[in-house]
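Here's a quick tour of the model, meant to be read with the structure open beside you.

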Amino acid sequence: MSWDSFIWFAAVSVILWAVGSILAWTGNKRTAAMSIYGLGIAVFFAFILAMWISLERPPLRTMGETRLWYSFFLAVAGMIVYSRWKYKWILSFSTIMALVFIIVNLMKPEIHSKALMPALQSPWFAPHVIVYMFSYGVLGAATLMALYILIFKKGQETSDDMVTTDNLVATGMAFLTFGMLFGALWAQEAWGTYWGWDPKETWAAITWMAYLLYIHFRIARPKDHQTAMWILLLAFICLQICWWGINYLPSAHATSVHVY
Amino acid sequence: MSLFSKPWKLTSGFIFGGVFVVAGFLLQILSGPVRWGLLASPVNLILLAVFIAFIIIAYAMKGKVAFFAWLGSSAAAVPSIACTLLMTMIMGLTAQIPERGWLGNMITFWPFVLCYVWMTAVVGLVAVNHICRLSRSWKEIPAVLNHLGLFVTLVCATLGSADKQDLEMMLREGGTQTVASREDGTTVQTGLSVRLNDFTMETYPSGMPKRFASDVVVTSKSGKEIPGVIEVNKPMEVDGWKMYQYGYDEEAGTESTVSILQLVKDPWLPFVYAGIFMMLAGAFLMMIVGFKREETK
């Protein structure tokens, strides 16, 4: 499998996701919506697997490869939220978000060679990045909830909306913690330092603390939904800086081993 | 906002944080940057005892002193996380190059350090709160693991940093080496004797490095000879020294007959690991339980 076939797999997945999303909007057809949407996820995952096999390494090294996982996990996170909390809009939004990253990959395909430098040849590599991408996907869904509450609900949000958001953050935060600590354990095995304040690590800590702030703010001021949602948006910006924005930060370019 | 009586709230927390940051600035001006090297054992052990004693006293007196009751509450957690977050953001936005002054060396910047100390004190006190509630409810377990794990990790990583030895040892094929050098160039007898049989470097067709490996025989203090291969991501451990593949003669490239190993001894590492594993277990439980709570309107 090569990157050239991506457009076909992506097209089929996006069409299936779109059909699933439309069925979700019309209501009453939850099983059909979920089956078709799930099929789209399976097609997308088939491409990831095929890339994995043909590259002879997990496709996790380049930015383009991480975007592949991000689109995948966004769709997965959307489906989990839909199956548990039945928001009819969530599938459409996660499809649109996944589509954005698919388009970025089509417009800006990056080198996807087989080469993997020695530092990345570790059993920690795949879990570290996959766990992070899943967390980013779930927290992307939490961001959609925040926008939905801030823009459309305007103070009319139900306690269910808040519980959904809190649970998405709790799940995302758990995986963020796994990702960060797997990274620390890996760094200890590779370099003898579990934490070195490399700019990527610093921004990982910032992102982690921003979501920590949300969780504790929800406990300290449970009724102030507005501020909580703004914290969530701030946290998502930190997450984006940590993931790719860091490549454009002059402060990071000077010193980071994580710029790629 | 009296220390003893009036209840401390979120807003007073932010004022407290502001005062802390100003105090940090004054300390920075008066005493210069934080000198982490001074923490070397036994200073770190004494500080650990003082810090834990403070947390226990604060817990015991929280009924009498409003400030201590606040310090272990979410109303203190929020401002302490926010201030620490802000300090870390400054670090993330400024290039960390010590020659560039205070902001170029945030880990020795007092306001940064004090915010972390404050957050650590809060997380420690909250951990004690949850531990003491354990007997009443098993639902406290995820919170105990999350808070205690973070507390142990932060405290041991920080206090232990001065006891960590991080050395470089240069080896030549066929030669034996016993000394290693610190970052400042001074040398140390490691107690080990390392013989390099062979250094191998493989590259991809593009010229990008694929694998470095040092085939060594290490003689331990007790005279035991241990053969092994050290590769990137595959360190070797002898007498408490972790030995990592670190570098080679870059000019010679694949023909290099020189290998540089990194030797690390970190006596606090097992405790940091204990903290990390507690946090991993806590995160796993949090994922299952969530943090949903009833909303009171």
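B:Pro42 sits in the loop between helix H1 (10-31) and H2 of chain B (helices, H or I with at least four residues, and strands, E with at least two, are DSSP runs numbered from the N terminus). The peptide bond that joins B:Ser41 to B:Pro42 is cis, with omega at about 10°. This is a predicted model, so local features need pLDDT of at least 70 and side-chain atom pairs count only at pLDDT 80 or more, while totals for chains, interfaces and linings use all residues. Residues are numbered from 1 along each chain as its sequence is written, and chains are lettered from A and ligands numbered from 1 in the order in which they are written.

- Most residues other than glycine have a negative phi, and most peptide bonds are trans.
- A:Trp197, which isn't a glycine, has a positive phi near 55°.
- You'll find A:Trp197 in the loop between H6 and H7 of chain A.

**Where the chains meet**

- On chain A, 46 residues are in contact with 47 residues of chain B (contact: C-beta atoms, placed from the backbone, within 7 Å).
- Three helices of chain A each put at least two residues into the side that touches chain B: H6 (159-191), H7 (199-220) and H9 (250-253).
- H6(A) has the largest share of that side of chain A, with 16 residues.
- By class, the chain A side splits into 32 nonpolar, 11 polar and three charged residues (Ala, Val, Leu, Ile, Met, Phe, Trp, Tyr, Cys and Pro count as nonpolar, Asp, Glu, Lys and Arg as charged, and the others, Gly among them, as polar).

**Domains of chain A**

- Chain A is split into domain 1 (1-111) and domain 2 (126-260) (the bounds come from an automatic or database domain assignment).
- The C-alpha centres of these two domains of chain A are 21 Å apart.
- Between them, 18 residues of domain 1 of chain A are in contact with 15 residues of domain 2 of chain A.
- On the domain 1 side, helix H3 (63-85) and helix H4 (90-107) of chain A are the elements that give two or more residues.
- H3(A) gives the most to that side, with 11 residues.
- The domain 1 side has 14 nonpolar, four polar and no charged residues.

**Domains of chain B**

- Chain B is divided into domain 1 (10-163 + 269-289) and domain 2 (165-265).
- Here the C-alpha centres of the two domains of chain B lie 37 Å apart.

**Helix packing in chain A**

- The axes of H4(A) and helix H5 (residues 125-153) of chain A come within 11 Å and cross at roughly 120° (axes are lines fitted to C-alpha atoms, for helices over the stretch in contact, and angles run from 0 to 180 degrees between N-to-C directions).
- H4(A) and H5(A) are therefore oblique to each other (under 35 degrees is roughly parallel, over 145 roughly antiparallel, 65 to 115 roughly perpendicular, and the rest oblique).

**Helix packing in chain B**

- Helix H2 (residues 43-60) and helix H5 (residues 110-133) of chain B have axes that come within 10 Å and cross at roughly 55°.
- That angle makes H2(B) oblique to H5(B).
- H2(B) also passes H5(B) in a right-handed crossing.
- From H2(B), the contact uses B:Ile55, B:Ala58 and B:Tyr59; from H5(B), B:Ala121, B:Gly124, B:Leu125 and B:Val128.
- This contact of H2(B) with H5(B) has six nonpolar, one polar and no charged residues.

**Strands of chain B**

- Strand S2 (residues 176-181) and strand S3 (residues 187-203) of chain B run antiparallel, joined by five bridges (strands pair if DSSP finds at least two bridges between them).
- B:Gln177 has B:Val194 in S3(B) as its bridge partner.
- The hairpin of S2(B) and S3(B) has five residues between the strands, and B:Gly185 in the turn has a positive phi of about 100°.
- Strand S6 (residues 236-238) and strand S7 (residues 241-248) of chain B are also antiparallel, with three bridges.
- B:Glu237 stands opposite B:Lys242 in S7(B).
- Two residues lie between the strands in the hairpin of S6(B) and S7(B), where B:Asp239 takes a positive phi near 50°.
- S7(B) also pairs with strand S8 (residues 258-265) of chain B, in the antiparallel sense over six bridges.
- B:Tyr248 stands opposite B:Ser259 in S8(B).

Notes:
Contact = placed C-beta atoms within 7 Å. Left-handed = near helix turned anticlockwise from the far one by under 90°.
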